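Hello,

Here is the structure you asked for.

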Amino acid sequence: MRAVWLKEFGGPEVLVPGEAPDPVPGPGQVLVDVAYANITFVETQFRATGAGPFRAELPMIPGNGVGGVVAAVAAGVDPGWVGRRVVTGTGGSGGYAERVAVAADGLYEVPRELALDDAVALLADGRTATLQLGAAEVRPGDTVLVEAAAGGVGSLLVQLAKAADATVVAVAGGARKLELATDLGADLAIDYREPDWADRVRAAVGAVDAVLDGVGGAVGRAAFELLGPGGRMVSYGLSSGSWAAIPEELAATRGVRLTRALPTPEALRAATLHALTEAAAGRLHPVIGQRFPLTHAAAAHAAMESRGTLGKTLLETAAAGRA
Ligand SMILES: NC(=O)c1ccc[n+]([C@@H]2O[C@H](COP(=O)([O-])OP(=O)(O)OC[C@H]3O[C@@H](n4cnc5c(N)ncnc54)[C@H](OP(=O)(O)O)[C@@H]3O)[C@@H](O)[C@H]2O)c1
(Lines give C-alpha, C1' and ligand atoms only; values in the text may rest on other atoms or scores of the structure.)
Protein backbone atom coordinates (compact mmCIF):
# COMPACT_ATOMS: atom_id res chain seq x y z
CA MET A 1 0.00 0.00 0.00
CA ARG A 2 0.96 3.67 -0.27
CA ALA A 3 1.87 5.38 2.98
CA VAL A 4 3.83 8.36 4.28
CA TRP A 5 6.99 7.65 6.24
CA LEU A 6 8.69 9.64 8.97
CA LYS A 7 12.28 8.44 9.22
CA GLU A 8 13.78 11.47 10.96
CA PHE A 9 12.39 14.50 12.78
CA GLY A 10 12.56 17.83 10.98
CA GLY A 11 10.79 20.16 8.55
CA PRO A 12 7.74 19.07 6.52
CA GLU A 13 10.06 17.53 3.86
CA VAL A 14 10.87 14.63 6.20
CA LEU A 15 7.39 13.26 5.42
CA VAL A 16 8.18 11.01 2.46
CA PRO A 17 5.66 8.91 0.51
CA GLY A 18 6.55 5.29 -0.08
CA GLU A 19 5.38 1.71 0.10
CA ALA A 20 4.51 -0.21 3.26
CA PRO A 21 3.26 -3.76 3.81
CA ASP A 22 -0.51 -4.06 4.12
CA PRO A 23 -1.37 -4.30 7.84
CA VAL A 24 -2.89 -7.61 8.99
CA PRO A 25 -5.65 -7.32 11.61
CA GLY A 26 -4.76 -9.17 14.80
CA PRO A 27 -7.11 -10.47 17.48
CA GLY A 28 -9.99 -8.04 18.07
CA GLN A 29 -9.04 -5.91 15.07
CA VAL A 30 -10.49 -4.90 11.72
CA LEU A 31 -8.85 -3.75 8.49
CA VAL A 32 -10.02 -0.34 7.26
CA ASP A 33 -9.58 0.92 3.71
CA VAL A 34 -8.73 4.55 4.49
CA ALA A 35 -10.35 7.33 2.48
CA TYR A 36 -9.32 10.29 4.66
CA ALA A 37 -6.72 10.94 7.35
CA ASN A 38 -6.95 14.06 9.49
CA ILE A 39 -3.97 16.17 10.50
CA THR A 40 -3.81 17.88 13.88
CA PHE A 41 -1.40 20.64 14.79
CA VAL A 42 0.10 18.34 17.42
CA GLU A 43 1.25 16.08 14.57
CA THR A 44 3.24 18.92 13.00
CA GLN A 45 4.97 19.50 16.35
CA PHE A 46 5.68 15.78 16.73
CA ARG A 47 7.11 15.59 13.21
CA ALA A 48 9.41 18.54 13.93
CA THR A 49 10.95 17.34 17.18
CA GLY A 50 9.35 14.11 18.40
CA ALA A 51 7.67 16.05 21.23
CA GLY A 52 4.08 15.42 22.23
CA PRO A 53 1.76 12.58 23.11
CA PHE A 54 2.85 10.09 20.42
CA ARG A 55 5.46 7.33 20.51
CA ALA A 56 8.70 8.50 18.93
CA GLU A 57 10.23 5.30 17.55
CA LEU A 58 11.44 5.87 13.99
CA PRO A 59 10.91 4.93 11.27
CA MET A 60 7.15 5.20 11.55
CA ILE A 61 4.02 6.08 9.62
CA PRO A 62 2.45 9.05 11.45
CA GLY A 63 -1.26 9.76 11.70
CA ASN A 64 -3.78 9.34 14.48
CA GLY A 65 -7.24 9.74 12.93
CA VAL A 66 -8.75 8.10 9.85
CA GLY A 67 -12.03 7.25 8.20
CA GLY A 68 -12.95 4.69 5.60
CA VAL A 69 -14.74 1.41 5.02
CA VAL A 70 -14.10 -1.80 6.95
CA ALA A 71 -12.60 -4.26 4.47
CA ALA A 72 -12.07 -7.32 6.69
CA VAL A 73 -12.29 -8.49 10.29
CA ALA A 74 -10.07 -10.83 12.29
CA ALA A 75 -11.46 -14.08 13.65
CA GLY A 76 -13.82 -13.44 16.54
CA VAL A 77 -14.83 -9.93 15.42
CA ASP A 78 -18.42 -9.34 14.27
CA PRO A 79 -18.34 -9.78 10.47
CA GLY A 80 -21.23 -7.31 10.30
CA TRP A 81 -18.59 -4.53 10.42
CA VAL A 82 -17.47 -5.34 6.86
CA GLY A 83 -18.61 -2.65 4.44
CA ARG A 84 -19.54 -0.13 7.14
CA ARG A 85 -18.26 3.47 7.10
CA VAL A 86 -16.20 4.15 10.20
CA VAL A 87 -13.88 6.69 11.80
CA THR A 88 -11.28 5.66 14.32
CA GLY A 89 -8.10 6.60 16.10
CA THR A 90 -4.98 4.58 15.34
CA GLY A 91 -3.26 5.05 18.71
CA GLY A 92 -0.86 7.63 17.27
CA SER A 93 0.75 5.93 14.29
CA GLY A 94 -0.18 4.40 10.95
CA GLY A 95 -2.88 6.86 9.86
CA TYR A 96 -1.15 8.41 6.83
CA ALA A 97 -1.71 5.23 4.82
CA GLU A 98 -4.16 3.50 2.51
CA ARG A 99 -5.00 0.83 5.09
CA VAL A 100 -4.95 0.52 8.87
CA ALA A 101 -5.56 -2.36 11.28
CA VAL A 102 -7.35 -1.08 14.37
CA ALA A 103 -9.27 -2.42 17.36
CA ALA A 104 -12.93 -3.10 16.61
CA ASP A 105 -13.95 -1.68 19.98
CA GLY A 106 -12.46 1.71 19.04
CA LEU A 107 -14.56 2.11 15.89
CA TYR A 108 -17.28 4.73 15.47
CA GLU A 109 -19.82 3.99 12.80
CA VAL A 110 -20.47 7.14 10.80
CA PRO A 111 -24.15 8.18 10.99
CA ARG A 112 -25.96 7.88 7.65
CA GLU A 113 -26.66 11.63 7.61
CA LEU A 114 -22.97 12.53 7.92
CA ALA A 115 -20.42 12.61 5.10
CA LEU A 116 -17.34 10.51 5.80
CA ASP A 117 -14.94 13.43 5.31
CA ASP A 118 -16.94 15.54 7.80
CA ALA A 119 -16.75 12.71 10.32
CA VAL A 120 -12.97 12.44 9.90
CA ALA A 121 -12.68 16.21 10.30
CA LEU A 122 -14.58 15.95 13.60
CA LEU A 123 -12.91 12.88 15.03
CA ALA A 124 -10.15 14.57 17.04
CA ASP A 125 -11.22 18.21 17.00
CA GLY A 126 -14.85 17.49 17.89
CA ARG A 127 -14.04 15.60 21.03
CA THR A 128 -11.34 18.07 22.03
CA ALA A 129 -13.69 21.04 21.59
CA THR A 130 -16.50 19.27 23.46
CA LEU A 131 -14.28 18.31 26.39
CA GLN A 132 -12.44 21.62 26.72
CA LEU A 133 -15.64 23.63 26.51
CA GLY A 134 -17.01 21.37 29.25
CA ALA A 135 -13.98 22.19 31.39
CA ALA A 136 -14.83 25.88 30.97
CA GLU A 137 -18.23 25.28 32.64
CA VAL A 138 -19.93 27.81 30.40
CA ARG A 139 -23.29 29.13 31.58
CA PRO A 140 -25.85 30.91 29.40
CA GLY A 141 -24.90 34.57 29.10
CA ASP A 142 -21.20 34.00 29.78
CA THR A 143 -18.66 35.72 27.56
CA VAL A 144 -16.21 33.16 26.14
CA LEU A 145 -12.98 34.01 24.33
CA VAL A 146 -11.81 31.45 21.75
CA GLU A 147 -8.22 31.64 20.43
CA ALA A 148 -7.23 30.43 16.95
CA ALA A 149 -10.96 30.64 16.36
CA ALA A 150 -10.76 29.65 12.69
CA GLY A 151 -8.62 26.56 13.34
CA GLY A 152 -9.68 22.94 13.57
CA VAL A 153 -10.61 22.97 17.26
CA GLY A 154 -11.33 26.71 17.39
CA SER A 155 -13.94 26.69 14.62
CA LEU A 156 -15.87 24.02 16.55
CA LEU A 157 -15.45 25.80 19.89
CA VAL A 158 -17.04 28.92 18.43
CA GLN A 159 -20.10 26.89 17.40
CA LEU A 160 -20.36 24.89 20.63
CA ALA A 161 -19.98 27.99 22.81
CA LYS A 162 -22.66 29.74 20.79
CA ALA A 163 -24.91 26.70 21.20
CA ALA A 164 -24.35 27.00 24.97
CA ASP A 165 -25.84 30.53 24.76
CA ALA A 166 -22.54 32.29 25.38
CA THR A 167 -21.40 35.56 23.87
CA VAL A 168 -18.43 34.44 21.77
CA VAL A 169 -15.33 36.54 21.25
CA ALA A 170 -13.23 35.00 18.48
CA VAL A 171 -9.58 35.95 18.17
CA ALA A 172 -7.47 34.80 15.23
CA GLY A 173 -4.88 35.97 12.73
CA GLY A 174 -6.02 37.68 9.53
CA ALA A 175 -9.19 38.88 7.81
CA ARG A 176 -10.16 35.52 6.25
CA LYS A 177 -10.10 33.84 9.64
CA LEU A 178 -12.13 36.59 11.32
CA GLU A 179 -14.71 36.33 8.55
CA LEU A 180 -14.99 32.56 9.04
CA ALA A 181 -15.38 32.90 12.82
CA THR A 182 -18.13 35.47 12.29
CA ASP A 183 -19.88 33.20 9.80
CA LEU A 184 -19.76 30.41 12.40
CA GLY A 185 -21.58 32.60 14.92
CA ALA A 186 -18.95 34.63 16.80
CA ASP A 187 -20.40 37.86 18.21
CA LEU A 188 -17.09 39.68 17.98
CA ALA A 189 -13.98 38.80 15.95
CA ILE A 190 -10.64 40.51 16.62
CA ASP A 191 -7.25 40.03 14.99
CA TYR A 192 -4.72 39.15 17.69
CA ARG A 193 -1.88 40.06 15.39
CA GLU A 194 -2.74 43.69 16.21
CA PRO A 195 -0.77 44.79 19.29
CA ASP A 196 -3.82 46.37 20.96
CA TRP A 197 -6.11 43.37 20.42
CA ALA A 198 -6.72 42.71 24.11
CA ASP A 199 -7.61 46.37 24.73
CA ARG A 200 -10.11 46.15 21.90
CA VAL A 201 -11.71 43.07 23.41
CA ARG A 202 -11.97 44.76 26.81
CA ALA A 203 -13.43 47.92 25.27
CA ALA A 204 -16.06 45.88 23.46
CA VAL A 205 -17.16 43.34 26.09
CA GLY A 206 -15.37 44.15 29.37
CA ALA A 207 -14.05 41.15 31.30
CA VAL A 208 -14.59 37.66 29.94
CA ASP A 209 -15.81 34.60 31.87
CA ALA A 210 -13.83 31.88 30.11
CA VAL A 211 -10.78 31.63 27.85
CA LEU A 212 -10.22 28.65 25.55
CA ASP A 213 -6.46 28.82 25.13
CA GLY A 214 -5.10 26.61 22.36
CA VAL A 215 -2.28 29.01 21.42
CA GLY A 216 -0.45 29.60 24.71
CA GLY A 217 2.54 31.95 24.94
CA ALA A 218 1.96 35.71 24.86
CA VAL A 219 -1.55 35.32 23.42
CA GLY A 220 -2.58 33.02 26.26
CA ARG A 221 -1.13 35.36 28.86
CA ALA A 222 -2.88 38.41 27.39
CA ALA A 223 -6.14 36.45 27.26
CA PHE A 224 -5.73 35.51 30.93
CA GLU A 225 -5.57 39.22 31.80
CA LEU A 226 -9.05 39.63 30.31
CA LEU A 227 -10.64 37.22 32.79
CA GLY A 228 -12.71 38.65 35.61
CA PRO A 229 -13.17 37.14 39.11
CA GLY A 230 -14.73 33.67 38.83
CA GLY A 231 -13.25 33.26 35.36
CA ARG A 232 -11.97 29.97 33.94
CA MET A 233 -8.74 29.68 31.94
CA VAL A 234 -8.74 26.44 29.93
CA SER A 235 -5.23 25.84 28.54
CA TYR A 236 -5.39 22.93 26.09
CA GLY A 237 -2.72 23.74 23.52
CA LEU A 238 0.47 25.54 22.60
CA SER A 239 0.43 26.20 18.87
CA SER A 240 2.65 29.24 19.57
CA GLY A 241 5.31 26.81 20.82
CA SER A 242 4.90 27.37 24.57
CA TRP A 243 2.15 27.06 27.18
CA ALA A 244 0.60 30.19 28.65
CA ALA A 245 2.23 29.07 31.94
CA ILE A 246 0.13 31.22 34.27
CA PRO A 247 1.35 30.83 37.89
CA GLU A 248 -1.30 29.26 40.15
CA GLU A 249 -0.75 31.97 42.80
CA LEU A 250 -1.42 34.74 40.26
CA ALA A 251 -4.62 33.04 39.14
CA ALA A 252 -5.71 32.60 42.77
CA THR A 253 -5.06 36.30 43.48
CA ARG A 254 -7.28 37.21 40.55
CA GLY A 255 -10.00 34.70 41.52
CA VAL A 256 -9.44 32.79 38.25
CA ARG A 257 -9.42 29.00 37.98
CA LEU A 258 -6.76 27.36 35.77
CA THR A 259 -8.14 24.17 34.25
CA ARG A 260 -8.28 21.78 31.32
CA ALA A 261 -10.08 18.52 30.56
CA LEU A 262 -8.14 15.35 31.38
CA PRO A 263 -10.63 12.80 30.14
CA THR A 264 -10.95 9.09 30.83
CA PRO A 265 -11.24 6.79 27.77
CA GLU A 266 -15.01 6.65 28.44
CA ALA A 267 -15.26 10.45 28.45
CA LEU A 268 -13.26 10.62 25.21
CA ARG A 269 -15.65 8.17 23.57
CA ALA A 270 -18.72 10.03 24.85
CA ALA A 271 -17.36 13.37 23.60
CA THR A 272 -16.57 11.90 20.17
CA LEU A 273 -20.07 10.46 19.89
CA HIS A 274 -21.53 13.80 20.99
CA ALA A 275 -19.68 15.66 18.22
CA LEU A 276 -20.68 13.11 15.56
CA THR A 277 -24.32 13.20 16.71
CA GLU A 278 -24.45 16.99 16.74
CA ALA A 279 -22.98 17.10 13.24
CA ALA A 280 -25.37 14.42 11.95
CA ALA A 281 -28.26 16.52 13.30
CA GLY A 282 -26.93 19.57 11.46
CA ARG A 283 -26.10 21.51 14.63
CA LEU A 284 -22.29 21.36 14.30
CA HIS A 285 -20.48 22.06 11.06
CA PRO A 286 -16.88 20.93 10.56
CA VAL A 287 -14.96 23.27 8.29
CA ILE A 288 -12.70 21.37 5.90
CA GLY A 289 -10.48 24.15 4.64
CA GLN A 290 -7.81 22.13 2.83
CA ARG A 291 -7.49 18.74 1.19
CA PHE A 292 -4.24 17.18 -0.02
CA PRO A 293 -3.52 13.84 -1.66
CA LEU A 294 -2.02 11.39 0.86
CA THR A 295 1.35 11.56 -0.86
CA HIS A 296 1.45 15.37 -0.39
CA ALA A 297 1.45 15.16 3.41
CA ALA A 298 4.59 17.35 3.51
CA ALA A 299 2.74 20.18 1.75
CA ALA A 300 -0.19 19.77 4.12
CA HIS A 301 2.07 20.08 7.17
CA ALA A 302 3.82 23.10 5.65
CA ALA A 303 0.47 24.81 5.09
CA MET A 304 -0.59 24.21 8.70
CA GLU A 305 2.67 25.51 10.12
CA SER A 306 2.49 28.63 7.96
CA ARG A 307 -0.79 29.55 9.72
CA GLY A 308 -2.41 29.69 6.29
CA THR A 309 -5.03 27.01 6.95
CA LEU A 310 -8.71 27.39 7.80
CA GLY A 311 -10.50 24.75 9.84
CA LYS A 312 -9.42 21.17 9.28
CA THR A 313 -6.80 19.81 6.90
CA LEU A 314 -7.40 16.33 5.44
CA LEU A 315 -5.29 13.87 3.49
CA GLU A 316 -7.17 11.90 0.83
CA THR A 317 -6.42 8.50 -0.66
CA ALA A 318 -7.69 7.15 -3.97
CA ALA A 319 -10.73 5.86 -2.04
CA ALA A 320 -11.85 9.41 -1.12
CA GLY A 321 -15.27 10.31 -2.45
CA ARG A 322 -16.29 6.67 -2.96
CA ALA A 323 -17.38 5.90 0.63
N1 LIG B 1 -6.88 18.69 17.42
C2 LIG B 1 -7.01 18.13 18.62
O3 LIG B 1 -7.78 17.19 18.82
C4 LIG B 1 -6.21 18.64 19.80
C5 LIG B 1 -6.10 17.85 20.94
C6 LIG B 1 -5.39 18.38 22.05
C7 LIG B 1 -4.81 19.64 21.96
N8 LIG B 1 -4.92 20.35 20.82
C9 LIG B 1 -4.29 21.67 20.73
O10 LIG B 1 -5.23 22.56 20.19
C11 LIG B 1 -4.56 23.58 19.43
C12 LIG B 1 -5.26 23.68 18.09
O13 LIG B 1 -5.06 22.47 17.39
P14 LIG B 1 -5.61 22.28 15.92
O15 LIG B 1 -5.17 20.95 15.47
O16 LIG B 1 -7.06 22.63 15.89
O17 LIG B 1 -4.77 23.36 15.11
P18 LIG B 1 -5.27 24.69 14.34
O19 LIG B 1 -5.94 25.59 15.33
O20 LIG B 1 -6.05 24.29 13.15
O21 LIG B 1 -3.91 25.31 13.87
C22 LIG B 1 -3.10 26.00 14.77
C23 LIG B 1 -3.42 27.51 14.75
O24 LIG B 1 -2.74 28.11 15.83
C25 LIG B 1 -2.52 29.47 15.52
N26 LIG B 1 -1.15 29.86 15.86
C27 LIG B 1 -0.82 30.77 16.78
N28 LIG B 1 0.49 30.91 16.86
C29 LIG B 1 1.03 30.06 15.96
C30 LIG B 1 2.36 29.76 15.58
N31 LIG B 1 3.42 30.38 16.15
N32 LIG B 1 2.56 28.85 14.61
C33 LIG B 1 1.52 28.23 14.04
N34 LIG B 1 0.22 28.46 14.38
C35 LIG B 1 -0.02 29.38 15.33
C36 LIG B 1 -2.81 29.64 14.03
O37 LIG B 1 -4.05 30.32 13.90
P38 LIG B 1 -4.02 31.94 13.74
O39 LIG B 1 -3.35 32.23 12.45
O40 LIG B 1 -5.44 32.32 13.79
O41 LIG B 1 -3.22 32.43 14.92
C42 LIG B 1 -2.94 28.22 13.52
O43 LIG B 1 -3.81 28.12 12.42
C44 LIG B 1 -3.11 23.15 19.33
O45 LIG B 1 -2.35 23.89 20.23
C46 LIG B 1 -3.13 21.71 19.74
O47 LIG B 1 -1.95 21.32 20.37
C48 LIG B 1 -5.61 19.89 19.75
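**The ligand and its surroundings**

An oxygen atom of the ligand is 3.0 Å from a polar backbone atom of Leu 238, a polar contact (a pair of N or O atoms within 3.5 Å). The protein covers 87% of the 870 Å² of accessible area that the ligand has on its own; areas come from the Shrake-Rupley method with a 1.4 Å probe. This is a predicted model, in which local features need pLDDT of at least 70 and side-chain atom pairs pLDDT 80 or more, while totals for chains, interfaces and linings use all residues. Residues are numbered from 1 along each chain as its sequence is written, and side-chain values use heavy atoms, with hydrogens and water left out.

The shell around the ligand holds 24 residues, each with a heavy atom within 4 Å of it. Among the closest are Asp 125 and Tyr 192. The side chain of Asp 125 has an N or O atom 2.7 Å from a nitrogen atom of the ligand, and that of Tyr 192 has one 2.5 Å from a ligand oxygen atom. Domain 1 (2-113 + 284-321) and domain 2 (127-259) both give residues to this shell, so the ligand lies between them; the domain bounds come from an automatic or database assignment.

**The cavity**

A cavity is a set of points on a 1 Å grid over the protein atoms alone where a 1.4 Å probe fits but cannot get out. How many cavities of 30 Å³ or more are there? The count is 1. Asp 125 is also among the residues that line the largest cavity, lining residues having an atom within 4 Å of a point.

Regards

Conventions
Polar contact = N/O pair within 3.5 Å; in protein donor to acceptor, adjacent residues only side chain to side chain. 1 Å grid on protein atoms, 1.4 Å probe; cavity = no way out; pocket = protein on both sides within 12 Å on 5 of 7 lines; lining within 4 Å. Points joined across faces, edges and corners; volume = space filled by probe spheres on them.
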